Amino acid sequence: MMALSAKSMGFRIGILDPTEDCPAAQVADWQIIADYADLRALEQMATRCQVITYEFENVDVTALEHIKQVVRVPQGTDLLAITQDRLLEKSFLEANNIIIAPYATIVHPTDIQDSIDSIGYPCVLKTTRGGYDGKGQYVLYSRADLAPSMDLLREGTCVLEAWIPFEKEISVLVAGNGNGDITVFPVVENVHRNNILHQTIAPAAIDSEVAKEAQRIARVIADAIGLAGVLAVEMFVTPAGGIYVNELAPRPHNSGHYSIEACSMSQFEAHIRGVAGWPLAEVKLLSEAVMVNVLGDELAETEDLIAEKPSWHFHYYGKHEAKNGRKMGHITILTEDRDETLEEIYQTKIWD
């Protein structure tokens with residue numbers, strides 16, 4: 001989707017990915033098939049490009065530092081390094097006066113009980129690196145959960161976080177062009193199932209002052225890092241309207257897919273404009289929308305809906321193998337009545 005936006009803006013696109021004919025390669029001009037940390041492949045890419053951007057967190061920081069001498073990497077590596085390590089991320093947020101859940105660093109098993117004494121149950125043990133879609137974490141509700149949580153410590157240092165009794169999960173996309181231009185997207189509500197994003201509802205049904213504060217927080221973070229490209233800020237909202245930042249994603253984000261149809265500028269166009277140094281206009285929500293993810297076990301049933309739902313916007317990613325729990329596409333529905341649309345989605349019986 002980033003490549004499609006870039007192509008519409010007149011850029012030629014090359015992709016480095018270990019999988020031949022990966023989704024991005026299908027719409028690019030050329031592909032280098034190599035591991036993301038392959039220095040020779042990255043050097044080859046650097047000589048063929050004017051600008052390089054990454055679209056997920058598990059990119060080798062050292063490898064990117066190496067090619068920065070040859071080619072522009074507008075996103076830089078500082079934000080990437082911060083978001084790859086939960087402890088660094090928390091330190092960065094605290095340094096910028098952003099409220100996060102109380103936490104403790106866990107190095108040895110004995111650290112957990114000491115930390116629980118101050119944090120309390122329930123709490124969440126997370127690896128500091130590599131977790132996504134619920135992987136690399138374990139929720140502790142009582143002492144009975146201590147023993148099974150120890151498996152995570154074998155992977156290295158962990159973080160123990162207090163469980164925030166949230167009312168809604170929200171996210172805000174913010175885009176910058178590295179030259180001081182920053183634009184913030186509407187606040188959206190996210191619904192997860194089995195730790196995988198199921199639905200995004202735009203805009204979030206929250207108090208306007210809470211929404212303004214969420215956007216302010218996103219702008220503060222973008223300013224602090226001199227943002228180039230798109231950053232997603234995931235947050236929890238408590239019943240009292242308090243906001244806790246949960247996680248940062250230094251790239252276009254699943255919760256922003258609705259923006260293709262629903263906004264004056266999609267997150268993908270904003271990202272490409274940002275890394276290219278183009279100016280960024282204010283983002284306007286043109287229509288309320290609901291985005292629902294299509295996982296591997298739902299793929300065939302959603303394809304059957306195409307004939308029945310002419311107003312729905314179907315996006316399929318071109319992945320060669322459909323696996324249960326794997327994101328294969330998404331559907332965006334523009335709406336004037338979100339409750340009616342949510343009921344319409346429910347009535348398909350695909351996402352029961």
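Arg251 has a relative accessible area of 17% and so counts as buried, where buried means under 20% relative accessible area, exposed over 50%, and partly exposed in between (1.4 Å probe, protein chains only). This is a predicted model, in which local features need pLDDT of at least 70, side-chain atom pairs count only at pLDDT 80 or more, and totals for chains, interfaces and linings use all residues. Residues are numbered from 1 along each chain as its sequence is written, and side-chain values use heavy atoms, with hydrogens and water left out.

Let us stay with Arg251 for a moment. Its side chain meets that of Glu57 in a salt bridge, at 2.7 Å from N to O; the term stands for a side-chain nitrogen of Lys or Arg within 4 Å of a carboxyl oxygen of Asp or Glu. Glu57 sits in the loop between α2 (39-48) and α3 (61-67) and Arg251 in the loop between β12 (243-249) and α9 (259-262), so the pair ties together parts 194 residues apart in sequence. Helices (H or I, at least four residues) and strands (E, at least two) are DSSP runs, numbered from the N terminus. Glu57 is buried as well, with 17% relative accessibility.

How many salt bridges does the rule give? The count comes to 15.

| Pair | N to O | Separation in sequence |
|---|---|---|
| Glu57 and Arg251 | 2.7 Å | 194 residues |
| Arg86 and Glu247 | 3.5 Å | 161 residues |

Now for the pair of Arg86 and Glu247, whose side chains meet in a salt bridge. Arg86 belongs to helix α5 (residues 86-95), while Glu247 belongs to strand β12.

Salt bridges with shared partners join Lys7, Arg12 and Asp29 into one network. Arg12 is exposed, at 67% relative accessible area, and Asp29 is partly exposed, at 28%.

Finally, a look at Glu301, which lies in helix α11 (residues 299-305). Glu301 is partly exposed, with a relative accessible area of 39%.
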